[in-house]
Amino acid sequence: AAEPWPENAALYQQLKEEQILLSDNASSLAVQAFLQMCNLPVRVVCRANAEYMSPSGKVPFIHVGNQVVSELGPIVQFVKAKGHSLSDGLDEVQKAEMKAYMELVNNMLLTAELYLQWCDDVTVEEITHPRYGSPYPWPLNRILSYQKQWEIRRKMKAIGWAGKSLEQVLEDVDQCCQALSQRLGTQPYFFNKQPTELDALVFGHLFTILTTQLTSDELSEKVKNYNNLVAFCRRIEQQYFEGHDKDNSSSATSRSAKRSLLR
Amino acid sequence: VVVQHVHFDGLGRTKDDIIMYEICDVFKAKNLIDVMRKSHEAREKLLRLGIFRQVEVLIDTCQGDDALPNGLDVTFEVTELRRLTGSYNTMVGNNEGSMVLGLKFPNLFGRAEKVTFQFSYGTKETSYGLSFFKPQPGNFERNFSVNLYKVTGQFPWSSLRETDRGVSTEFNFPIWKTNHTLKWEGVWRELGCLARTASFSVREESGHSLKSSLSHAMVIDSRNSSILPRRGALLKINQELAGYTGGDVSFLKEDFEFQLNKQLLWDSVFSASLWGGMLVPIGDKPSSIADRQATYLSSFFVVFVFYLGGPTSVRGFSMYSIGPQSEGDYLGGEAYWAGGLHLYTPLPFRPGRGGFGDLFRTHFFLNAGNLCNLNYGDGPRAHLQKLAEYIRWSYGAGVVLRLGNIARLELNYCFPMGVQSGDRICDGVQFGAGIRFL
């Protein structure tokens, strides 16, 4: 039986205009899309310390009733326990496939976003450092961004991405988009008629990549190469985000206009 | 008599000028008793510099060609401390214990400068600090020090963990009978939840902040001891202004501590104490939990000034568990007062008299206090009214043990009263260990 979803459910992320980075914005948008698809209203609250408030250290997290849950995976589980699910109609094979594609997005797209933000020197200096430390006074802003950079670079080394060049990373992004594009084909959603958490996740990342202004357009160009993916993003934006401008990170501005989510 | 020469044996790296200041009075002595007294005083002054392990005084008649018939020679035989000394202490703070390892470089450049490095491994977390101390030659009570530190702590009453990394510089100087301290402090504070079950109010405070503050403290202390004094009074007034020298935390903090002790018949002592304070945030951001504390660097303990309750505060209540709280996590307040009346007597039938038994005292107490948040909008009258209603108080009796000149242990039987919903009490037997008791 479905448990009632409280009125004051809130989703926490960093400050939209000045602080949030590409990867966190993508993750937040994915969760927002997922909750919209489940028809569970949630208001977006922006806090400078959202990352530290989160129990796992990652944004976004939702505060529902007395509970605090962070990241898409656990949120999907949490919502399922409350009786709402998007992937109930899938059979075992499809579920496994969905999990595999979600892993692909997390391991490829998300990691590529992190690489670009924290390991590409130009992006780090012009975009990441100023944004990440913006809510804090000197010298705390410097200390926190360097600390985070060191942490991410260590993670990159652990997974073997430290040696990659920017071109290689963009190649990986291209391959990932190709796989997604092939799976999507001409269908409206990845599993035909109904959206699932995979659609929410892919939308979150691709839409953010398309609408974020970075130091160069290379990343968004890789996604733009695949028309069905761009159409997919537009479709989801129209269906789930238009008419809810106040709280969501995308708005009903012209679909082809670039909305700067970074800078 | 007249003192013709003062000799020093055993000076190594110590510079002459600071020695001269401490012994100049010896030359003014007019008779033998005076010489002995002034030499003794000079010896005390030399020892308090913290640069000599031993100072011995020899007084002899003057020899030599220019000797007067009533001339005297005073010789100070000193042993300087080694260049590097280590120490190991266990410290008992306010209900926490820790092992403190220290490295000290006394008398670094010859004028009683001191560099200390301390590392504390505690029941809760570890902390360390480096400090440089320099007194003014001739005026040891006027000194300045620069400190660098990292103090971490876990505070289960608020489900909070905190790491403070900071730098501070302070000037101490006496004015007449009072001691003043001016300090600038810059701290990077990191707050986090101690458990998954922390309340959302505490979760909202997680994260980083930078405090840059100027503070001034005045202390007048005429007590004969800081632990279980028999007579004298203490008045400490402290104010801190944060936000005008950088950082993102802005507040004005005032707090005071007053204690009066009077010896009565039959070796008993009556003691009265009063604490109070106010924390006013400046600007539109509300005050943070971290603003309600003070860090004692010498012992690496974080003291919860704007919290109430516990064996070192209003007894009979659980540690810091009075007042504003959220889901069981206590958040402290922005204004408080607390008072205590105590009667200390020797143990009944005086066991171990003249020896070990003298460290123990029986203790009857009456404690009271209140804590609230400031409602910006209400005037001072409304706040005074808030502090006067719903007063928590308690009474009881117990035994106090004095640990050297540093700490005190108490075992009391308490009756908490005036308990409000949300407070956590500890009625019955309560144990407390610490330095600063109400």
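Trainee: How much area do domain 1 of chain B and domain 2 of chain B bury between them, and what share of it is on carbon and sulfur atoms?

Mentor: A word on the source: this is a predicted model, in which local features need pLDDT of at least 70 and side-chain atom pairs count only at pLDDT 80 or more, while totals for chains, interfaces and linings use all residues. Residues are numbered from 1 along each chain as its sequence is written, chains are lettered from A and ligands numbered from 1 in the order in which they are written, and side-chain values use heavy atoms, with hydrogens and water left out. Buried area is the accessible area (1.4 Å probe) that two parts lose on being put together, summed over both. Here domain 1 of chain B and domain 2 of chain B bury about 1000 Å² between them, with 53% of it on carbon and sulfur atoms. Of the area that domain 1 of chain B buries against domain 2 of chain B, 44% is supplied by Arg13(B), Ile18(B) and Arg48(B), more than by any other three residues.

Trainee: Where do the bounds of the domains in chain B fall?

Mentor: Domain bounds come from an automatic or database domain assignment, and in chain B they give domain 1 (2-80) and domain 2 (85-434), whose C-alpha centres lie 42 Å apart.

Trainee: How many salt bridges are counted between domain 1 of chain B and domain 2 of chain B?

Mentor: A salt bridge is a side-chain nitrogen of Lys or Arg within 4 Å of a carboxyl oxygen of Asp or Glu. The count between these two domains of chain B is 2 salt bridges. The side chains of Arg111(B) and Asp17(B) meet in a salt bridge, at 3.0 Å from N to O. Helix α1 (residues 16-23) of chain B gives the most to the side of domain 1 that touches domain 2, with 4 residues; helices (H or I, at least four residues) and strands (E, at least two) are DSSP runs, numbered from the N terminus.

Trainee: How many residues of domain 1 of chain A are in contact with domain 2 of chain A?

Mentor: Contact means heavy atoms within 4.5 Å, and 27 residues of domain 1 of chain A are in contact with 35 residues of domain 2 of chain A. Chain A is divided into domain 1 (10-87) and domain 2 (92-245), and the two bury about 2600 Å² between them, 65% of it on carbon and sulfur atoms. In domain 1 of chain A, Leu21(A), Leu22(A) and Met37(A) lose the most area to domain 2 of chain A, together 26% of what that side buries. Glu51(A) forms a salt bridge with Lys148(A), and their closest N and O atoms are 2.6 Å apart.

Trainee: Which residues of chain B lose the most area to chain A?

Mentor: Between them, chain B and chain A bury about 1300 Å², 64% of it on carbon and sulfur atoms. The residues of chain B that lose the most area to chain A are Phe200(B), Arg203(B) and His208(B), together 41% of what that side buries. Across this interface the rule finds 1 salt bridge, and the side chains of Glu204(B) and Arg47(A) meet in a salt bridge at 2.9 Å, N to O.
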